Amino acid sequence: MNRLHRGGTMRLHGWDYQSPGLYFVTICAKIRRQNIFGFIHNGYMCLSNMGQIVHNEWLLTEEIRPNVGLDQFIIMPDHMHAIIKIKYKMNTIKTVDTSRRDVSTNNHDVPTNYSTPYPIHIVYQRPRLLPNSLGSIINQFKSQCTKRIRAIGQAGFQWQSRYHEHLIRSQQELD
């Protein structure tokens, strides 16, 4: 199966992405090979207005989330690399919506004779992001950047739908 077009997750199987840890992430703009966040001149990155928005929003990530710390990061012309630290797992409160009813119990169209051939429709649902997980942090960051970038007249701006992450497991990897 082509790795670029698979429907499954690229995350480390069995790892809780709400857990404390250091993560190396790469987040890319949808349209690559353009200097949308700025350009490199004499070895220095010169941020465009869009790049400045990305920079400022990344710094806010740590300010608005007490369980998140930022390490080194760099914004490149069409993507960014960063090391993010989840310091501790946040407690989340689950709520139950009692106004919803199970409609399938009163649905008379549900077949009871399973030997009758009915078409089977399998619906893939995207897994929900867990609150305060790495995925929700990156998703909220990308959302805020997109809103601000579009507000300055860049209506077509988009991020790639995914991002790359690597769990940093040793001091050697961090260095």
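Two strands count as paired if DSSP finds at least two bridges between them. Keep that rule at hand for this tour.

**Before you start**

You are looking at a predicted model, in which local features need pLDDT of at least 70, side-chain atom pairs count only at pLDDT 80 or more, and totals for chains, interfaces and linings use all residues. Residues are numbered from 1 along each chain as its sequence is written, and side-chain values use heavy atoms, with hydrogens and water left out.

**Stop 1: the whole chain**

Show the protein chain as a cartoon and you will find 3 helices and 6 strands. Helices (H or I, at least four residues) and strands (E, at least two) are DSSP runs, numbered from the N terminus. Walking from the N terminus, you pass the elements in the order β-β-β-α-β-β-α-β-α.

Now colour by pLDDT, the predictor's confidence in each residue, from 0 to 100. The average for the protein chain is 80, and 69% of the residues score at least 70. Select residues 1–9: the pLDDT is below 50 there, and beyond near neighbours in sequence this stretch has 5 contacts in the model (contact means heavy atoms within 4.5 Å). Residues 93–116 also have a pLDDT below 50, with 3 contacts beyond near neighbours in sequence.

**Stop 2: a hairpin**

Select E2 (38–41) and E3 (residues 44–47). These strands run antiparallel and are joined by 4 bridges. Which residue in E3 is the bridge partner of His 41? Click on Tyr 44 to see that partner. The hairpin has 2 residues between the strands, and Asn 42 takes a positive phi near 50°.

**Stop 3: the open sheet**

Next, select E4, E5, E1 and E6, which form an open sheet in that order with antiparallel pairing. Strands of a sheet pair through backbone hydrogen bonds, either parallel or antiparallel. E4 and E6 are at the edges with a single partner strand each, so one side of each has no neighbour in the sheet. From one strand to the next, the twist averages 20°.

Zoom in on E1 and E6, an antiparallel pair with 5 bridges. Here Leu 22 has Ile 168 in E6 as its bridge partner.

**Stop 4: helices on the sheet**

**Stop 5: aromatic rings**

Show the rings of Phe, Tyr and Trp (its six-membered ring); they pair if their centres lie within 6.5 Å, and planes under 30 degrees apart count as stacked, over 60 as edge-to-face and the rest as tilted. The structure holds 6 aromatic pairs. How far apart are the ring centres of Phe 37 and Trp 159? They are 5.5 Å apart, and the planes are at 40°, so this pair is tilted. Phe 37 lies in the loop between E1 and E2, and Trp 159 in the loop between H2 and E6, so the pair ties together parts 122 residues apart in sequence. Both Phe 37 and Trp 159 are buried; buried means under 20% relative accessible area, exposed over 50%, partly exposed in between (1.4 Å probe, protein chains only).

Move on to Trp 58 and Phe 141, an edge-to-face pair with 5.0 Å centre to centre and 80° between the planes. Trp 58 is in H1 and Phe 141 in H2, 83 residues apart. Trp 58 and Phe 141 are buried as well. To see the cluster linked by ring pairs, select Phe 37, Trp 58, Phe 141, Phe 157 and Trp 159 together.

**Stop 6: salt bridges**

A salt bridge is a side-chain nitrogen of Lys or Arg within 4 Å of a carboxyl oxygen of Asp or Glu, and the count here is 2.

- Asp 78 and Arg 32: the closest N and O atoms are 3.1 Å apart. Is Asp 78 buried or exposed? Asp 78 is buried at 8% relative accessible area, while Arg 32 is partly exposed at 33%.
- Glu 57 and Arg 148: the closest N and O atoms are 3.0 Å apart. Glu 57 sits in H1 and Arg 148 in H2, 91 residues apart. Glu 57 counts as buried at 9% relative accessibility, and Arg 148 as partly exposed at 33%.

Note on methods: Axes fitted to C-alpha atoms, helices over the stretch in contact; angles between N-to-C directions.
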